[in-house]
Every structure is written in structure tokens, then in C-alpha cells.
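Please open the model in your viewer and keep the sequence panel beside it. The stops below say what to select and what is there.

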Amino acid sequence: MRLTVFGATGGIGQEIVKQALASGHEVTAVVRDPARFAVTGAGLEVFRADLTDPESLREAVTGRHAVLSGLGARKRSDAGVASRLTRSVLAAMEAEGTRRLVVVSAAPLGPTPEGQPLVDRLMLSAIGALLKDVYADLRVMEDELARSATDWTSVRPPRLLDRPLTGTYRVAIGANPRSGRLISRADVAHAMLAFVDDPATVKQGVGVAY
């Protein structure tokens, strides 16, 4: 497949690029600063662009089988980044007729699983309060997805870890896995790539966790 990855310098974005290249895909990594992007490999194109300008992104998404996005806040003060930059991606995709989009969101945006233990409900509530501006931005982003013409999937992981790929995790379409507290960035990337060809995940929020 021909894939485009936004947020390619981030933890999840880099994992998407590495795993996609290892699987033999052609990958366009969209970055603002190529000097910050250390991934190399056959089939990789590094595309420098202003992520706030949809016109500058059109070349990066035209003719692609799918677009994957790891765009989002890296700290609380970055709230607003996910919705603003995803809006540019959507505009470029709609202009070029590219439909498949898989993005990273977060577990607190999903429904509480039936039978969720009290400790997990309290933990999620506390995290939601601490990062309320970040999650409010992600809700705006998901609203933008729902209004778009794309075949989107929003992947909602819980707390992220820098651990190796396992390929073993739980998936809940339209929900969160019960007591799902952790997952590695590598496994989130693995799930995102797997969802590209999974019609059951189209226009859905999907929870992933160990």
C-alpha cells in the first residue's frame, strides 16, 4: 500500500513508519522539520510541509491508499493542536478524494465499559480532569472526523508506554476494553496499521489496551 503518516516525528508516528516500511509499504512521512526525523529505509519519502496549510498537504495525500495520523498534544499546553492540524489533513484529503484515515485519540473519549471496576472509573475520571483541555480538543477533532467525507477510524489508547511491540492487545470497537490501563506506542501503531483494511472499524472509535 501507499501510506501517508502525519505526526511522523512523534512516538506513535515513528512506530507507524517503521512498521509500515518493515511490511513492505511505501510511506510518505509528513514532517515540519526533516532534521528531527531519523527513520530511513527503502520505500520512504520524507515530505516537508506546513501542517496548518491544507494546500501544502495535498501532494502528500493524493493517490494514497490510507492516511495515518499521530498528531496530538505532547503536553497540556499543546491543547488545540489535534483538532487544528487534523482539520488541515481532512481538507487536503477531501480535496484529493483520499478517503481512508486512521487517527490517534484517547481512551477517556470512549464509553465506560460495562462492569468497569470502581478503581478504574476513578482513575479515568482523575486523568480526565487533569488533562481536560487536551481531551476537549480531541472531542473537537472527533466531531470534525464525524462531519468529514472520509472513512475515518479514531483509535483510543489509555496510558502510553515506550515498550517493544508485542502484537498482543485487546480491541473494542465503539468501546474501551474493560480495565484497559496501558499499551505501548508500538502496539498502538500496530493496531492502526491493522485497522486500515478492517471495514468494521470505519467511522468508529476503537479502544485498544492490554
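A residue is called buried when its relative accessible area is under 20%, exposed when it is over 50%, and partly exposed in between (1.4 Å probe, protein chains only). This is a predicted model, in which local features need pLDDT of at least 70 and side-chain atom pairs count only at pLDDT 80 or more, while totals for chains, interfaces and linings use all residues. Residues are numbered from 1 along each chain as its sequence is written, and side-chain values use heavy atoms, with hydrogens and water left out.

**Stop 1: the sheet.** Select the strands. Helices (H or I, at least four residues) and strands (E, at least two) are DSSP runs, numbered from the N terminus. Two strands pair if DSSP finds at least two bridges between them. Here 8 strands make an open sheet with mixed pairing, in the order β3-β2-β1-β4-β5-β6-β10-β8. The edges are β3 (44-48) and β8 (170-173); each has a single partner strand, so one side of each has no neighbour in the sheet. From one strand to the next, the twist averages 20°.

Now select β6 (residues 151-156) and β10 (residues 204-209), which run parallel and are joined by 4 bridges. S154 is the residue opposite G205 in β10.

How many of the residues of α6 are buried? The count is 8 of 11, so by the cut-off of under 20% the helix is mostly covered. Among the buried residues are D187, M192 and F195.

**Stop 2: two loop residues.** Most residues other than glycine have a negative phi. Select S179, in the loop between β8 and β9 (182-184). S179 is not a glycine, yet its phi is positive, at about 55°. With a relative accessible area of 25%, S179 is partly exposed.

Then go to K203, in the loop between α6 and β10. K203 also is not a glycine and has a positive phi, of about 60°. Its relative accessible area is 40%, which makes K203 partly exposed.

Conventions:
Axes fitted to C-alpha atoms, helices over the stretch in contact; angles between N-to-C directions.
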